[in-house]
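Work through these exercises with the model open. Try each task before you read its solution.

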Amino acid sequence: LDLSINKLRILGGLVNLVALRELRLAKNGIRHIRQVDYLENLMFLTILDLSYNPLQERKYYRLQVVYKLPMLRQLDGTALSGA
């Protein structure tokens, strides 16, 4: 699902898309790490792109996202170690 460049700031509407495997949210307005919590139920999600969001500027951003979403194999176009 590609929702890039949509001025999104809140991800609550994605919580029921449980079969989603890829989610592209680049170039939106996502600022807070807690928005990633809405993606925790997406057990099949392996590819997530949050690039060019204010969230990326947060210290330990990648570590926090991977901690919340351990099923990810790729984040922001980069493979995660062990994938």
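**Exercise 1.** Find what share of the chain's 83 residues is buried.

*Solution.* Buried residues make up 36% of the 83 residues. Buried means under 20% relative accessible area, with a 1.4 Å probe and protein chains only. This is a predicted model: local features need pLDDT of at least 70, side-chain atom pairs count only at pLDDT 80 or more, and totals for chains, interfaces and linings use all residues. Residues are numbered from 1 along each chain as its sequence is written, and side-chain values use heavy atoms, leaving out hydrogens and water.

**Exercise 2.** List the elements of the chain from the N terminus on.

*Solution.* Count first: the chain has one helix and four strands. Helices (H or I, at least four residues) and strands (E, at least two) are DSSP runs, numbered from the N terminus. Then read the order: β-β-α-β-β.

**Exercise 3.** Work out how the strands are arranged in the sheet.

*Solution.* The four strands form an open sheet, ordered β1-β2-β3-β4, with mixed pairing. Two strands pair if DSSP finds at least two bridges between them. The edge strands, β1 (22-24) and β4, each pair on one side only. Next, take β3 and β4: they run antiparallel, joined by two bridges. Q74 has A79 in β4 as its bridge partner.

**Exercise 4.** Describe the surroundings of D76.

*Solution.* Locate D76 in the loop between β3 (74-75) and β4 (78-79). D76 is buried, yet has no salt bridge. A salt bridge needs a side-chain nitrogen of Lys or Arg within 4 Å of a carboxyl oxygen of Asp or Glu. The nearest side chain of opposite charge, R62, is 4.1 Å away. Now look at L50: its backbone nitrogen lies 2.6 Å from a polar atom of the D76 side chain.

Terms used
Buried < 20%, exposed > 50% of the residue type's maximum accessible area, 1.4 Å probe, protein only. Lys, Arg positive; Asp, Glu negative; His and termini not counted. Polar contact = N/O pair within 3.5 Å; in protein donor to acceptor, adjacent residues only side chain to side chain. Contact = heavy atoms within 4.5 Å. Lists of a residue's contacts leave out its neighbours within four places in sequence.
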